[in-house]
Amino acid sequence: MRIGIFSDTHANIEALEAVIKALDAEKVDQYVCLGDTVGYGASPNECCALVRSKAAHTILGNHDAAVAGRMDYSYYYHAARHALDLHARQLKPEHMSWLKHLPYEVRQGDVHFCHGSPLNIEDFDYIFARDQAAQCMEIWDQLAQLTLIGHSHLCKSFALSPDGVYEVVSDRFELRDGWRYIVSVGSVGQPRDYDPRASFTLFDTETKLFEFKRVEYDIKASAEKIFGTDLEPNFGHRLFIGV
């Protein structure tokens, strides 16, 4: 089975539509969203509707949890809190109900889907560096062969063995028997690795082949929607440079 995995759409419908179109062209068998469908952007309802229509599994992200009243976000900086408050008011009841019932994780065979670190999963901890991935060694026996996460908005891969943890510097690699892998799949709607293209990933459960993919989208249209609201303008400006 070929799985298309994406995360951190953040209410950017232009980016999400481009990713879904690219995944359709890849003829994937299943779509999985790793969370944060809302927050930051100008199209929360449209993004919720599209993810709900396509994804076999959608994971709860921290922004989803905040909007749905499932976590305290009073410590977030003002602009982010304002976006979450706005989305909570804007969301249609059916989308709000959906967010309220999303799972923190889903396990499917040898693949584990979650938003942040699989260690203390409800805390939404980041993994974007080798030392952070190494903390998961303490749950080695519980780790799936492949753990797929979002949250950091970065494309990062780490290979774990009983002898150590290594960063995988490749856009395409095959999983090796006896190893565990933790992969951060990047962001659809707000990349932060200085590549403004929308990020998505592919995993073939038969060949064990994992791939990072990028696709261009209409950044100007997405940014102008943000500029037309009282959202923080920088949420739009940053889209052009991917940071």
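This is a short tour of selected residues in a predicted model.

**Stop 1: Ser-199**

Select Ser-199 first. It sits in strand S11, which covers residues 198-204. Is Ser-199 buried or exposed? Ser-199 has a relative accessible area of 1%, so it is buried, since the cut-off for that label is under 20%.

Now show the side chain of Ser-199. One of its polar atoms is 2.9 Å from the backbone oxygen of Val-185. Next, bring up the surroundings. Neighbours within four places in sequence are left aside here.

**Stop 2: the aromatic pairs**

How many aromatic pairs does the structure hold? There are nine. Start with Tyr-104 and Phe-124. Their ring centres are 5.9 Å apart and their planes meet at 35 degrees, so this pair is tilted. Tyr-104 is in the loop between helix H5 (93-100) and strand S4 (105-108). Phe-124 is in the loop between strand S5 (111-114) and helix H6 (130-134). The pair therefore ties together parts that are 20 residues apart in sequence. Phe-124 itself is buried, at a relative accessible area of 9%.

Move on to Phe-210 and Phe-212. Their ring centres lie 5.0 Å apart, with the planes at 85 degrees, so this pair is edge-to-face. Both Phe-210 and Phe-212 are buried. Together with Phe-210 and Phe-212 they make one aromatic cluster.

**Stop 3**

Most residues other than glycine have a negative phi.

Select Ala-11. Its phi is positive, near 60 degrees, and it is not a glycine. Look for Ala-11 in the loop between strand S1 (2-6) and helix H1 (13-26). Ala-11 has 2% relative accessibility, so it counts as buried.

Then select Lys-208. It too is not a glycine, and its phi is positive, about 65 degrees. Lys-208 is placed in the loop between S11 and strand S12 (209-215). With a relative accessible area of 22%, Lys-208 is partly exposed.

**Stop 4: a nonpolar patch**

Switch to a surface view. Which residues form a nonpolar patch on the surface? Select Phe-227, Phe-240 and Ile-241. Together they have about 280 Å² of accessible area. Phe-227 belongs to helix H7, residues 219-227. Phe-227 counts as partly exposed, at 36% relative accessibility.

**Stop 5: Arg-238**

Finish at Arg-238. Where is it? Arg-238 lies in the segment after helix H8 (234-237). Arg-238 is buried, with a relative accessible area of 15%. Leave aside its neighbours within four places in sequence, and its contacts are Tyr-77, Gln-190, Arg-192 and Val-243.

Arg-238 and Gln-135 are 103 residues apart in sequence. In space, they are 31 Å apart, C-alpha to C-alpha.

Key. Residues are numbered from 1 along each chain as its sequence is written. This is a predicted model: local features need pLDDT of at least 70, side-chain atom pairs count only at pLDDT 80 or more; totals for chains, interfaces and linings use all residues. Side-chain values use heavy atoms; hydrogens and water are left out. Helices (H or I, at least four residues) and strands (E, at least two) are DSSP runs, numbered from the N terminus. Buried means under 20% relative accessible area, exposed over 50%, partly exposed in between (1.4 Å probe, protein chains only). A polar contact is a pair of N or O atoms within 3.5 Å; within protein, one must be able to donate a hydrogen and the other to accept it, and residues adjacent in sequence count only if both atoms are side-chain atoms. Contact means heavy atoms within 4.5 Å. Patches are made of residues with over 30% relative accessible area and no salt bridge: like charges are joined within 9 Å, nonpolar side chains (Val, Leu, Ile, Met, Phe, Trp, Tyr) within 5 Å. Accessible areas come from the Shrake-Rupley method with a 1.4 Å probe; for residues, only the protein chains shown count as cover. A salt bridge is a side-chain nitrogen of Lys or Arg within 4 Å of a carboxyl oxygen of Asp or Glu. Rings of Phe, Tyr and Trp (its six-membered ring) pair if their centres lie within 6.5 Å; planes under 30 degrees apart count as stacked, over 60 as edge-to-face and the rest as tilted.
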